[in-house]
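These are my notebook entries on one structure. I record what I looked up, item by item.

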Amino acid sequence: MNIKSLNIKGRLWTLDEPFVMGILNVTPDSFYENSRMQTEAAIRRRIETILAEGGRMIDVGGYSSRPDAADVSVGEERQRLMPALKLLKTHYPDAVVSVDTFRAEVARWAVEEYGVAVVNDISGGTLDTRMFETVAQLQVPYVLMHTRGTPQTMQQMTDYADMIEEIMRCFAEKLHTLRLLGVNDVILDPGFGFAKTLEQNYELMRHLREFAVFQTPLLVGISRKRMISGLLNVTVGESLNGTTVLHTFALLNGANILRVHDVKAAVEAVKITSKLKIESIC
């Protein structure tokens, strides 16, 4: 068995049991209304919930990446992130924090000023050409996601000759570039919901096991997304059951990190699937 690991602030974290990454949105327009945290009290409650329910990472985002999301300036993104990052640094210094940003300037600021441990880039380095060099200098784990275009244009960019082949080739090329720059800890994210139709998202899920060829940790972010609510004809608020079904499938097919809104349910899925894997090996 190939046990994957990450060097986070000088400590080696093994992913023999998958991690749950709790989402902390500090945007006013995230697609899931209940995940929007706009006051310090709400942010604190969300942090404590993630940690109490077993979340191993907290992913803080100040720029909504939902389809057709409004663009915001660097200054506005930083202003949104600051209260959460300051609270985490001051009161939860042992928490493993990632910053969800595609901007190198914001990534550097979050790491250097607030001790953020991981950079989660939804653009895979395409929206800021300085990002790869920046994470190489910062020496932090980097989430490399596949997408096309921007949050404003990605849903018009779903025409692929062979989607799986393109994603694999994209990852191979970018991993090579990152390795040459000295970035050793890369987490791959296939980008569910980003420049992909509902049918393409399920095709991607069926091929998830193939990403093991890269021998890197694999992050799956499908929590309450349209691929669930659209298929089941339910609201985003009613899509937890479908989310858990897909989390279970993903875990059984190689996912090492789940990025989620509902930490408790995801942690339970990890425990059960881990038990199944142990029993099947025995």
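**Conventions.** I worked from a predicted model, in which local features need pLDDT of at least 70 and side-chain atom pairs count only at pLDDT 80 or more, while totals for chains, interfaces and linings use all residues. Residues are numbered from 1 along each chain as its sequence is written, and side-chain values use heavy atoms, with hydrogens and water left out.

**Aromatic pairs.** I searched the whole structure and found six aromatic pairs. Rings of Phe, Tyr and Trp (for Trp, its six-membered ring) pair if their centres lie within 6.5 Å; planes under 30 degrees apart count as stacked, over 60 as edge-to-face and the rest as tilted. The pair of Trp13 and Phe19 is edge-to-face, because the ring centres are 5.7 Å apart and the planes stand at 80 degrees. I noted that both Trp13 and Phe19 are buried; buried means under 20% relative accessible area, exposed over 50%, and partly exposed in between, with a 1.4 Å probe and protein chains only.

I then looked up Phe132 and Tyr142, whose ring centres lie 5.7 Å apart with planes at 80 degrees, so this pair is edge-to-face. Phe132 belongs to helix α4 (residues 131-138) and Tyr142 to strand β7 (residues 142-145), so the pair ties together parts 10 residues apart in sequence. Helices (H or I, at least four residues) and strands (E, at least two) are DSSP runs, numbered from the N terminus. Phe132 is buried at a relative accessible area of 12%, and Tyr142 is buried at 0%. I also recorded a cluster in which ring pairs link Phe171, Phe211 and Phe214.

**Charges over rings.** I used the criterion that NZ of Lys or CZ of Arg is within 6 Å of the ring centre and within 35 degrees of the ring normal. Arg56 lies over the face of Phe19, at 4.2 Å from the ring centre. Arg148 lies over the face of Tyr160, at 3.8 Å from the ring centre.

**Helix α4.** How many of the eight residues of α4 are buried? I found six, so α4 is largely enclosed by the rest of the structure. The buried residues are Met131, Phe132, Thr134, Val135, Ala136 and Leu138. They pack against α3 (104-114), β6 (118-121), β7 and α5, where contact means heavy atoms within 4.5 Å. Gln139 follows α4 and has a positive phi, near 55 degrees.

**Helices α5 and α6.** Helix α5 (residues 163-181) and helix α6 (residues 198-206) pack at an angle of about 65 degrees, their axes 10 Å apart. Axes are lines fitted to C-alpha atoms, for helices over the stretch in contact, and angles run from 0 to 180 degrees between N-to-C directions. Met163, Ile164 and Ile167 of α5 make the contact with Gln200, Glu203 and Leu204 of α6.

**Met57.** I located Met57 in strand β4 (residues 57-61), where Met57 is buried at 0% relative accessibility. Not counting residues up to four places away in sequence, Met57 touches several residues, including Phe19, Val96 and Ile257.

**Glu17.** I placed Glu17 in the loop between β2 (11-14) and β3 (19-25), and at 41% relative accessibility Glu17 is partly exposed. Leaving aside neighbours within four places in sequence, Glu17 is in contact with Val270 and Ser274. Ile257 is 240 residues from Glu17 in sequence and 9.2 Å away in space, C-alpha to C-alpha.
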